[in-house]
Amino acid sequence: MIRNPHAIRPWQHVLEALGGYLMIAEALASGKSWAAEGWNFGPADDDTRPVDWIADRMTAAWGTSGWDRPETAANLHEAHNLRLDCAKARSVLGWRPTWRLDEALQRIVSWHQTVDRGDCARATSLGQLTEYREKFQQFQSGPTIPIRQCMT
């Protein structure tokens, strides 16, 4: 159930945060103690979208007709607008999201459809991880992370 379709949230693919944390791990493993602090990894500011925008794109990508919209927002105490400040990750690590939100949503739906068909979840995940790694290595201005080592 969608409680508040107009709430704005920082949507991203799980590999975005993983890529950032692997950059931190690499820095820590090489003795860079400055990396041992809090970090935010989130979507680009223009990829922060309301819940109904996400639901519309996900149902369209899935090939379904839509979703049930609540008549009124749930009366819950929650922030309407959640965003992450990723300025430190961008300036210090050179990190930025590799996949734009539309691409991330397509890959999420594709993963679920592939696994729902009975294909191997591990192979599907490794395939997406390889695609992400290749684009990540081209896209980031920070250190190169050895994601390949995570795949064995």
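Just after helix α4, G118 takes a positive phi of about 105°. Helices here are DSSP runs of H or I with at least four residues, strands are runs of E with at least two, and both are numbered from the N terminus. The model is predicted: local features need pLDDT of at least 70, side-chain atom pairs count only at pLDDT 80 or more, and totals for chains, interfaces and linings use all residues. Residues are numbered from 1 along each chain as its sequence is written, and side-chain values use heavy atoms, with hydrogens and water left out.

Helix α4 itself has 16 residues. From first C-alpha to last, α4 reaches 22 Å, close to the 22 Å expected at 1.5 Å a residue. The expected span is 1.5 Å times one less than the number of residues. Buried residues of α4 are L101, A104, L105, R107, V109 and T114. Buried means under 20% relative accessible area, exposed over 50%, and partly exposed in between, for a 1.4 Å probe and protein chains only. The cover over these buried residues includes β2, α2 and α5. Contact here means heavy atoms within 4.5 Å.

Helix α2 was examined in the same way. Its 12 residues should span 16 Å at 1.5 Å a residue, and the end C-alpha atoms are 16 Å apart, which agrees. V51, D52, W53, I54, A55 and T59 of α2 are buried. They pack against β1 (8-9), β2 (49-50) and α4 (101-116). G63 follows α2 and has a positive phi, near 90°.

Aromatic rings were searched next. The whole structure holds 5 aromatic pairs. Rings of Phe, Tyr and Trp (its six-membered ring) pair if their centres lie within 6.5 Å; planes under 30 degrees apart count as stacked, over 60 as edge-to-face and the rest as tilted. The W99 and Y132 rings have centres 5.0 Å apart and planes at 90°, so this pair is edge-to-face. W99 lies in the loop between α3 (87-93) and α4, and Y132 in helix α5 (residues 121-139), so the pair ties together parts that are 33 residues apart in sequence. Both W99 and Y132 are buried. Y132 also pairs with F136: the centres are 5.7 Å apart and the planes at 40°, so the pair is tilted. Y132 and F136 are 4 residues apart in helix α5, and are therefore separated by about one helical turn. F136 is buried, as is Y132. Elsewhere, ring pairs link Y21, F41 and W95 into a cluster.

On a 1 Å grid over the protein atoms alone, a cavity is a set of points where a 1.4 Å probe fits but cannot get out; a pocket is an open set with protein on both sides within 12 Å along at least five of seven lines; lining residues have an atom within 4 Å of a point. Points are joined across faces, edges and corners, and a volume is the space filled by probe spheres set on the points. The count is 1 cavity of 30 Å³ or more. The largest cavity holds about 40 Å³. Its lining includes W99 and L101, along with W11 and H13.

The largest pocket has a volume of about 180 Å³. Among its lining residues are I2, R3, W11, M58 and E78. Helix α2 (residues 51-62) gives the largest share of this lining, 4 residues.
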